[in-house]
Amino acid sequence: MTLYNHEYWMAKAIQLAQKGRYTTHPNPRVGCVLVKDQHIIGQGFHVKAGEDHAEVNALAAANPSDVIGATAYVTLEPCSHQGKTPPCADALIKAGVARVVYGMQDPNPEVSGRGLTKIRQAGIDVVGPILEADCEALNPGFIKRMREGLPYVRVKLAMSIDGRTAMESGESQWITGPDARLDVQRLRAQSDAIVTGIGSVLADNPSMTVRIDNDDQTTDAKNVRQPLRVVMDTALSILPEAKILYPTKQACVFSIEEEVEIEHLETLNKKGVTVRFVPRGQDGRLDLLDAMEQLADAGINEVLLESGAELAGSFLQAGLIDEIVVFMAPKLLGSNARPLFTLPLDSMDEAVELTLKSVRQVGQDVRLVYLPTYLDDDFEESFGEE
């Protein structure tokens with residue numbers, strides 16, 4: 001190992017940051033390792049919003065005299081502003097570190113670079129970015145929200161090997177096995193919001209909650225936060241007693257105001273249900289872009305879309321899906337069963353190109369992760385004509 005093996009120690013910090021995968025939102029996942037004489041003298045990660053950041057936790061785990069002259073490896077640029085906790089840049093300066101190695105700059109354009117500048121001005125050596133792509137992969141939603149004002153949208157789908165998600169009647173339980181279903185719970189746990197359509201709610205009355213117990217060794221179940229549950233419901237036809245609405249502080253419904261019956265809206269409001277309004281989109285239904293912008297404004301970093309083929313197709317048409325997670329079961333459901341996406345495609349040149357990101361066996365099922373290769377202007381215009 002070389003004297004300054006920055007990649008090695010940054011990889012350690014990334015592993016720490018991943019421990020906050022289910023608990024930090026809306027804050028980013030961050031890890032910090034303090035190194036001196038090629039030994040870790042302190043380490044920490046950001047556990048929960050409102051609590052100490054990774055740097056402060058690492059400093060608290062170290063002997064203060066050992067920190068003087070040490071190197072701090074941090075996956076994200078140390079913050080320079082006062083929020084719910086004091087600036088981490090100030091904490092590192094006060095502790096007397098000699099060097100700060102960062103993985104990536106803060107993507108918030110209002111603060112990006114300020115923490116590093118403050119550290120440099122204090123006479124501390126600054127190195128980076130190091131393993132930048134890996135550090136960015138920790139926080140796709142936070143980064144997208146800061147840079148584009150939108151959450152990172154991940155759609156989860158379960159299908160047979162002939163590409164079907166449910167029988168023609170709508171029956172779908174269970175296509176996949178228990179291992180895949182537990183993996184879906186982990187996807188829910190790392191999401192700030194779960195989005196579904198009114199059709200799924202009326203058909204199945206789901207709760208859409210995270211159900212991970214202490215037998216799941218991937219996380220501490222007691223620290224898992226329940227994501228916001230969101231229903232896309234153009235005409236506000238959701239029943240007041242729908243399971244997905246409760247507790248009401250963890251749910252909301254998107255509708256189009258002119259299609260809503262006032263008495264029904266008042267009934268939902270009396271029960272504490274939050275109803276948000278969006279304009280009508282080109283297809284006459286909800287403007288999904290506006291809805292995602294509202295969620296981003298509310299601090300939502302990552303969205304998990306769990307819906308039928310129609311809403312999934314609408315998100316894809318709108319160019320809002322960042323990642324497609326497909327669990328493929330070793331079953332055949334037949335040609336009359338329902339497809340993954342409802343898409344009005346007529347020719348091969350309209351096909352949606354996907355890039356395969358990963359393949360992994362989960363029990364008897366296969367998990368496939370794809371990234372859409374978005375979408376040229378002609379393709380978007382063809383969808384707009386629907």
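Q: How many cavities of 30 Å³ or more does the count come to?
A: The count comes to one. This is a predicted model: local features need pLDDT of at least 70 and side-chain atom pairs count only at pLDDT 80 or more, while totals for chains, interfaces and linings use all residues. Residues are numbered from 1 along each chain as its sequence is written, and side-chain values use heavy atoms, with hydrogens and water left out.

Q: What makes a set of points a cavity?
A: The points lie on a 1 Å grid over the protein atoms alone, where a 1.4 Å probe fits but cannot get out. Points are joined across faces, edges and corners, and the volume is the space filled by probe spheres set on them. For the largest cavity that volume is about 50 Å³.

Q: Which residues line the largest cavity?
A: A lining residue has an atom within 4 Å of a point. Thr 24, His 25, Asn 27, Pro 28, Arg 29, Asn 139, Phe 142, Asp 192, Asn 301 and Glu 302 form the lining. By class there are two nonpolar, five polar and three charged residues. Nonpolar here means Ala, Val, Leu, Ile, Met, Phe, Trp, Tyr, Cys or Pro; charged means Asp, Glu, Lys or Arg; the others, Gly among them, are polar.

Q: Why is Ser 80 called buried?
A: Buried means under 20% relative accessible area, exposed over 50%, and partly exposed in between, with a 1.4 Å probe and protein chains only. Ser 80 has 17%, so it counts as buried. Ser 80 sits in the loop between strand 3 and helix 4. Helices (H or I, at least four residues) and strands (E, at least two) are DSSP runs, numbered from the N terminus.

Q: With which residues is Ser 80 in contact, leaving aside neighbours within four places in sequence?
A: Contact means heavy atoms within 4.5 Å. The partners are Pro 87, Arg 114, Gly 115 and Lys 118.

Q: What puts the buried residues of helix 5 on one face?
A: Gly 115, Leu 116 and Ile 119 are the buried residues of helix 5. Seen down the axis, they fall within an arc of 100 degrees, so they line one face. The arc is that of the directions from the helix axis to the C-beta atoms. Arg 114 and Gln 121, on the other side, are exposed. The cover over the buried residues of helix 5 includes helix 4, strand 4 and strand 5 (125-127).

Q: How do you know that the buried residues of helix 10 are on the same side?
A: In helix 10 (residues 262-270), the buried residues are His 264, Leu 265 and Leu 268. Their arc around the axis is only 100 degrees, which puts them on the same side. Ile 262, Glu 263 and Lys 270 are exposed on the other side. The buried residues pack against strand 11 (274-277).

Q: What makes a set of residues a nonpolar core?
A: The members are buried Ala, Val, Leu, Ile, Met, Phe, Trp, Tyr and Cys residues joined through side-chain atoms within 4.5 Å. The largest such core has 37 residues, and those with the most contacts inside it are Met 10, Val 33, Leu 34, Val 67, Tyr 73 and Val 100. Helix 1 gives the largest share, six residues. Another core, of 33 residues, lies apart from it, with Ala 193, Ile 300, Leu 305 and Ile 321 among its members.

Q: Why is Asp 37 called exposed?
A: Its relative accessibility is 67%, which is over 50%, so Asp 37 counts as exposed. Asp 37 lies in the loop between strand 1 and strand 2 (39-45). Its phi is near 55 degrees, a positive value in a residue other than glycine.

Q: Which residues does a cis peptide bond with omega of about 10 degrees join?
A: That bond joins His 25 and Pro 26. Pro 26 lies in the loop between helix 1 and strand 1. A cis bond also joins Tyr 246 and Pro 247, with omega about 0 degrees. Pro 247 is in the loop between strand 9 (228-232) and strand 10 (251-255).

Definitions and conventions. On a 1 Å grid over the protein atoms alone, a cavity is a set of points where a 1.4 Å probe fits but cannot get out, and a pocket is an open set with protein on both sides within 12 Å along at least five of seven lines; lining residues have an atom within 4 Å of a point.
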